[in-house]
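Work through the exercises below with the coordinates open. Try each task before you read its solution.

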Amino acid sequence: MDERNERNRIIIRTSIIGILANVFLAGFKAVIGLMSASVAILMDAVNNLSDAASSVITIVGTKLAGKEADKKHPFGYGRIEYLSAMVISILVLYAGITAFVESVKKIVTPDVPDYSTIGLIIVAVAVVVKIVLGLYVKSTGNKVNSDSLKASGADALMDSVISASTLVAAGIYLLFDVSTEAWLGAIISLVIIKSGIDMLRETLSKILGESVDPGLARDIRNTVNSFSEISGVYDLVLHDYGPDFYNGSVHIEVPDTLSADDVDKLLRKVQIQVYEKHNVVLTAVGVYAYNTKDPEVIKTRDHVSKLVKENPHILQMHGFNMDQKEMTMRFDIVVSLDARDRLAVYSEVCEKVEAAYPEYTLQVAMDTDYSEQYESFSVITP
């Protein structure tokens, strides 16, 4: 909890710095833009105000996301940060569209700009300020894993390009008496629009639910598999409830010689260690028991595994169990998300095993590896 509070303090402090810097720049640019009748400088000033608004949204979103879990939202409010980033993306997109419309108007009915020395100096200073601010905000966002800060930082860096283009337009006008700022404004507006669309697409993807970071999935599997009693780690599912806040479930494979008390103690150790090492709450740990006593069952398991893995879209087979009295055979197969028709792959595998063991009734579950980074986490031959 202390780490999360510190993270929120860093986000809020960084956002306040962004608000102060952008309001300061917006005021100066508005004055200079009105005095010189420069659409580019005025567009820059409006963009600074939108950046300040983005920082306000980041603060509000961080405060709301930090609320404690309650009955209505038992997993907390962390995903509000993604909604904040989405609103900022929409603001960036809106600013780009507005700037493009204004630039097109100036292309159709151009004004004669009046560039003053002091105005150009202020714009040059603004370029430096926005570069420093953008790098600071974006690096802080990467450090604390805040999409809102990362979006604000990227937007600030984009602003520095806009301001720099104003200086370029002024230089061309003063040297060649040709006004290009409306054209430059239109081009840069398109870049801003693309940036807004990209940010919006990224935040929507997180809201919909993305695959977990393969590195985190691998580390959790390694932690679980470090217990000597565990022979395999499967079906890891993690649910993202905000930046760096996960809970999920996993299946483990243990020998059939363990008692219920042994399994209970083991599950508690696994949950505690995963939380302490990775800050991930495992709300459920399922158990597969593999046969260690019957050589015929072990031989059959190895043969079935060989048959199953002949299909290139099968990542793994686990949870094998064979009841020779009831003539049933149970196991799970992990079908890759790359398969064009996963159900067809599943049916093909079942038919192949049925053909090899027609006397058995199959109970096959189709699993999904949500990180698509399957490695051999089993010390037995599956």
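**Exercise 1: a glycine in a helix**

Setting aside neighbours within four places in sequence, G96 is in contact with S189, I192 and I193. Keep in mind that this is a predicted model.

Task: State where G96 is placed, and decide whether G96 counts as buried or exposed.

Solution. 
- Step 1. G96 belongs to helix α3.
- Step 2. The relative accessibility of G96 is 0%. The cut-off for buried is under 20%, so G96 counts as buried.
- Step 3. Now take a distance. From G96 to S195 the C-alpha to C-alpha separation is 8.9 Å in space, against 99 residues in sequence.

**Exercise 2: aromatic rings**

Task: How many aromatic pairs are there, and what is the geometry of F75 with Y241 and of Y234 with Y288?

Solution. 
- Step 1. The count is 4 aromatic pairs.
- Step 2. Take F75 and Y241. Their centres are 4.4 Å apart and their planes 15° apart, and the pair is stacked.
- Step 3. F75 is in the loop between α2 (39-65) and α3 (80-108), and Y241 is in the loop between β1 (232-240) and β2 (246-255). The pair therefore ties together parts 166 residues apart in sequence.
- Step 4. Check accessibility. F75 is partly exposed at 37%, whereas Y241 is buried at 17%.
- Step 5. Take Y234 and Y288. Their ring centres are 6.3 Å apart and their planes are at 55°, so this pair is tilted.
- Step 6. Y234 lies in strand β1 and Y288 in strand β3 (residues 280-290), so the pair ties together parts 54 residues apart in sequence.
- Step 7. Both values fall under 20%: Y234 is buried at 1%, and Y288 is buried at 13%.

**Exercise 3: a charge and a ring**

Task: Which ring does the charged end of K67 sit over?

Solution. 
- Step 1. The ring is that of Y77.
- Step 2. The charged end of K67 is 4.5 Å from the centre of that ring.

**Exercise 4: a strand residue and a helix residue**

Task: Give the element, the burial and the contacts beyond four places in sequence for N247 and T300.

Solution. 
- Step 1. N247 lies in strand β2. With 6% relative accessibility, N247 counts as buried.
- Step 2. Beyond its neighbours within four places in sequence, N247 touches F75, V237, L238, H239, Y241, V281 and T283. Two of the names, F75 and Y241, are those of the stacked pair.
- Step 3. T300 lies in helix α9 (residues 295-308). Its relative accessible area is 9%, so T300 is buried.
- Step 4. Outside four places in sequence, T300 contacts F320, M322, M329 and Y357.
- Step 5. Finish with a distance. T300 and K130 are 67 Å apart in space, C-alpha to C-alpha, and 170 residues apart in sequence.

Terms used:
Residues numbered from 1 in each chain as written. Predicted model: local features only at pLDDT ≥ 70, side-chain atom pairs only at ≥ 80, totals over all residues. Heavy atoms only, no water. Phe/Tyr/Trp six-rings, centres within 6.5 Å; stacked < 30°, edge-to-face > 60°. Helix = DSSP H or I, 4+ residues; strand = E, 2+ residues; numbered from the N terminus. Buried < 20%, exposed > 50% of the residue type's maximum accessible area, 1.4 Å probe, protein only. Lys NZ or Arg CZ within 6 Å of the ring centre and 35° of its normal. Contact = heavy atoms within 4.5 Å.
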